[in-house]
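Me: I would like to learn how to read a sheet and a confidence score, and I hope you can take me through one example slowly.

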Amino acid sequence: MRLVEDKIGVFICTGYGIADALDIDALCKVATEEHNVPFCRTVETCEGPGLDAINEDIANEGLNKVVIAGISPRRYPDYAFPEHVIAEPLALREHVVWSQPAGEEDTQMMAEDYLRMYITRVKKRQPLEPFEAEEAIDKSLLVVGGGIAGLTAAVEAARAGYDVRLVEKTDALGGWLAKQHKSIPTKPPYRDLEETGIDALIAEVDDHPKVRVYTSATTSQIVGAPGLFDVTLTSTGNGKPEGEVVDEFRIGAIIQATGWRPADPREDLPYGQLDDVIRNVELEQMVKDQGRITRPSDGKDVKSVALIQCGGCTNKDHHSYCSSICCLTSLKQALYLREQGEDSKAYVFYEFMRTPGKYENFYRRAQEDHGIFLTRGEVADVKRTGDGGLCVTARDTMLGEEIQVNVDLVVLAAGMIPNAADGEAIRALEDAQVTLVEGDSEAKKKEAAETIEQLKQHEGTEILNLGYRQGPDLPSLEYGFPDSHFICFPYESRRTGIYPTGAARQPTDGLGSRADATGAALKAIQCVEMTSRGEAVHPRAGDKSYPDFFMQRCTKCKRCTEECPFGVLNEDKEGTPLLRETRCRRCGVCMGACPERIISFKDYSVDIVGSMIKAVNVPDEFEEKPRILVIACENDAFPAFDLVGQHRLQCSPWIRVVPVRCLGSVNFVWITEAMAAGYDGVILLGCKYGDDYQCHFIKGSELASVREKNVREKLEQMAMDIERVELHQLQIDEYDKLPGIFEKFTELIDEIGMNPFKGM
Amino acid sequence: MVTAGKTEPEQPQPGEQESPQATSAGSANGRPVVIDPDLDFIRSLSRQTGESYKKCFQCGTCSASCPISPDTNPFPRKEMAWAVWGMRDRLLEDPDVWLCHHCNDCSVNCPRSGRPGDVLAAVRRESVIHYAAPRFLANWLSKPRFVPLLLGLPTLLLGLAIVLREPIGNALGLAAPTGQSIVYSYSPMLPHWLLNSFFGLFTLFALLAAIIGLVRFVRVIKAPHVWGATGPPNHSFTRSAWIAIKQLFTHEKFTLCTAPHSRPLSHFCVFFGFIALTVVTFWVITGPVNPLLKDGFVYPFSFLSPWKLLANLGGAAVFFGCVMMLRQRLRNRDNAGGSTFFDWAFLWTLFAVVVSGFATELLHYLRMAPHRHVVYFIHLIFVFALLIYLPYSKFAHVLYRTTAMIFAEYYGRNGVRPGVAGSRAQVGGGESRDEASTTVE
């Protein structure tokens, strides 16, 4: 690395009302006199001609680090500097001028402090060099699963010019759609049954020169990281001996399109006891095979059928989510029967009829059919009648009374269960099994035994067989579906370069799977491309920084390997973290976790942020000007300050806001340092966590809340009031809560008094 | 156990008190109702309502927007559910359909364009056929292909009677009435005795059929699982009848309608016009024996005779009412309701009667023989079709609706409770609703 001497420049915008509110000369002096910045000038604006002037100065003066004190970077329409220049935009307008009274001493102090902080930061930041793997980044993709989603993903990626390997565990492509007689409508007017069209898709995949198909094979091992995954496929039987290695190759990213399996029906209905009570998948198979609906018990043509929806919705413990396609499938199957005879009758009993979007047309079509009868109702029981038929009793129907219909066949709509494994649970199970054998105390062994009991259903469920410290598969979200950032970025999973799609990700129909798989293919392509350039993928897309571990001081405490939300770090037997850079999302959670503070980025480190915090001039206690450090997540909370300014909400003059990549990256040494520096309190602003988390890095703010407790202990050791640290969860649209939060906190500080360490 | 189209509320135990059909709590005696939808019935209703009614998703807007539906088990929501499930027997046993005046507020407000008003009209048609005696005649009347037969039959019989008027008259000892009172008459061709006895005879048949139909209908109404279980009568039968007749004459229920059409007004015209014509007709028929007319009876009436004036006024009212009805049925289907052959047959017959009547009168005054005889003959055929086919045509609504309204009063299944009048008014607006709500259950 070539060492370049820093040439720092500070530009202070006088427009936007900044010069009216602040003493610009004094601000310049902070730069030139306090921080010895050789170049400081004022510009009228920092966009358009103002930006041109800045760029001219950068070129003429040979500047390589600049602070632009003006407007929020989110407001720059054309924020562009030469690549070698490290630019620190400081939002004086939003964070100071618009949210503080003009011309006040406190306002000036705040602006000067921010300038100090940003000059400090820009000084400490090092130029970035994107990560270059030792081996070439592979841009081909692996698609796991040959159903509609997998086939679509393969075709879409291949059409875009990427090599694809498609692996299917059964001996044929097509998945569930290939087992269907007809498909629900996929195009306007959404009324008529269609051919599934799966054959054409299979043919395209088979014929495409860029797609290589493996049937009767499974991923028995995937090690490595995005761009560098090494995959081992083994046979699932069917011709070759089971377990025999089929192929080994390297790929760049993985699309998991492993689909779904039908749920077991409600236990109180006589499925499995009466031959003529079957599941929707079995009816589909029957029609596909023989073209007619017949009674399994005697092979006679069926004239009437009862289709019972929600295999278990009435029993919340059994199957507690909507599978989204069962209603459509039952309507379709009702139409199969209607095609069989003019006088045939199909009854559909449902809890909620769900035919989202344009499928309403299909629902209407079924509804209008003379022989299809739909009612909300709870099926109380299904009994055999004397003449070999079945009698279905339903309560709470739309007819306002309990009704019975006599039918030849009862079909239960079975819900969808994702073919996915919970990687974290499997890992926890393995750990517990090890502890049970090797545990050093009886208590631990007992605990391990309990864990095993709880998690035993995960035994042997591995699908991807990833070589990740945090488990062999993706982590699970609710109901056993693989993780995805449902609230903000549905395609993202917590394993970089692995994208679950189709019915494995959420219950969806063929059409939804196609759309979903196309999206997943795009995400996978983005991943291999960005990885090949050494850039981070979502949500810090394009970030060229990456963490550096100063291994000499590592104590193998495993906090980083355990807490990384993305399973970036593997560990060796001793627990030494093994960094897989291309898995990294650059959130800095490891940096926040590390008690030895050995993890840092070139532009973001414990030292950089700590120095920013300490750059603030903290007045002594006699001035009665408290200082509150606000550590704000730059994804939601920090931009919320822009909105505070835009809406001209007045904020406390005592706050000093430091942006962080994620609240999870907050190393608590910053807080103790802040206390030592004389701050009177610290507020941490992070994203919402919990089931419907909003945190871009999944569990950053949750980790921070856990660490906050440790911080409080530390404060107690320092004989400080633990109330001096607060953590708030904030969405960007809750910006209007900020002034209130600070006001309350200031009152609290007034109550408990100034920081006793002030001025020491 | 299950027959096609049967909905079997299993036979109630004798003496067991039962709730009225389809209370929300469940079927009659707590046992489930076995349903086997009658697909032919569904197809028939669909044909009549334009394939639309199965779209019903039971939101209940129809019942909420109906200005005259009772609070408990209101129509037409439950009828829609039964119709969707092809529960033919239950619908035919449902007197509620006759409380509906087809004002169409429900159809206009239906979010699924399910046209509940038209569905109930179709059910009424099925009911007319169901209660008719003999049933085949009603079936004929609902099918266009029987029109030639239905008009040909009276043509043949009346023609035969005219041809054979002399031998029959002689045999019966009836000669054409003579005397000064007859100034100018049809008598030579169409003697009064012949017409009176011809129409009298068939009216007896029609009356018999009407009585049989009504007896069947009332038996259903009184059944314990229909209205019979609603407890002790609300009023005496006479008082109920009086209230219902008053409602009919004032069109009190019909005028609560808010859908944009003029059906109440047109019905009002036809209703009173027809009554005027009926009164005059009977006055004339009784002419020869009526002591009040004995001396002054001059036939035909002069144009300025009060009877003639009344008849012309009535005729004009029917004419204008018919024109309005035809117009809105042809041009304002969405608001005024759909029309089937059953509706058209009745309406056009009525229109033909009044038009041919006026034509006859005109030709009569102009002394235009023999045209006047032909036109009068045609008029008589349509009169026959209107009156004699009454129990089998849409005209039967005078029987069933009147009966249903009387029994609705009797059993307290009518009107709007004062407490909810406001909320109903909210649905369709209008203060007239509050006034109407004085009819208390």
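Reply: We will take the sheet and then the confidence.

This is a predicted model, in which local features need pLDDT of at least 70, side-chain atom pairs count only at pLDDT 80 or more, and totals for chains, interfaces and linings use all residues. Residues are numbered from 1 along each chain as its sequence is written, while chains are lettered from A and ligands numbered from 1 in the order in which they are written.

Me: In what order do the strands of the open sheet in chain A stand?

Reply: Strands (E, at least two residues) and helices (H or I, at least four) are DSSP runs numbered from the N terminus, and two strands pair if DSSP finds at least two bridges between them. Here four strands of chain A form an open sheet in the order β2-β1-β3-β4, with parallel pairing. Because β2 (39-43) and β4 (86-90) of chain A each have a single partner strand, one side of each is left without a neighbour in the sheet.

Me: How many bridges join β1 and β3 of chain A?

Reply: Strand β1 (residues 8-13) and strand β3 (residues 65-69) of chain A pair over five bridges, and Ile8(A) has Lys65(A) as its bridge partner in β3(A).

Me: Where is confidence lowest in chain B?

Reply: pLDDT is the predictor's confidence in each residue, from 0 to 100. Where it is low, the predicted coordinates should not be read in detail. Chain B averages 82, but its helix α19 (residues 421-428) has the lowest confidence, at a mean of 30, whereas helix α7 (residues 116-131) of chain B has the highest, at 95.
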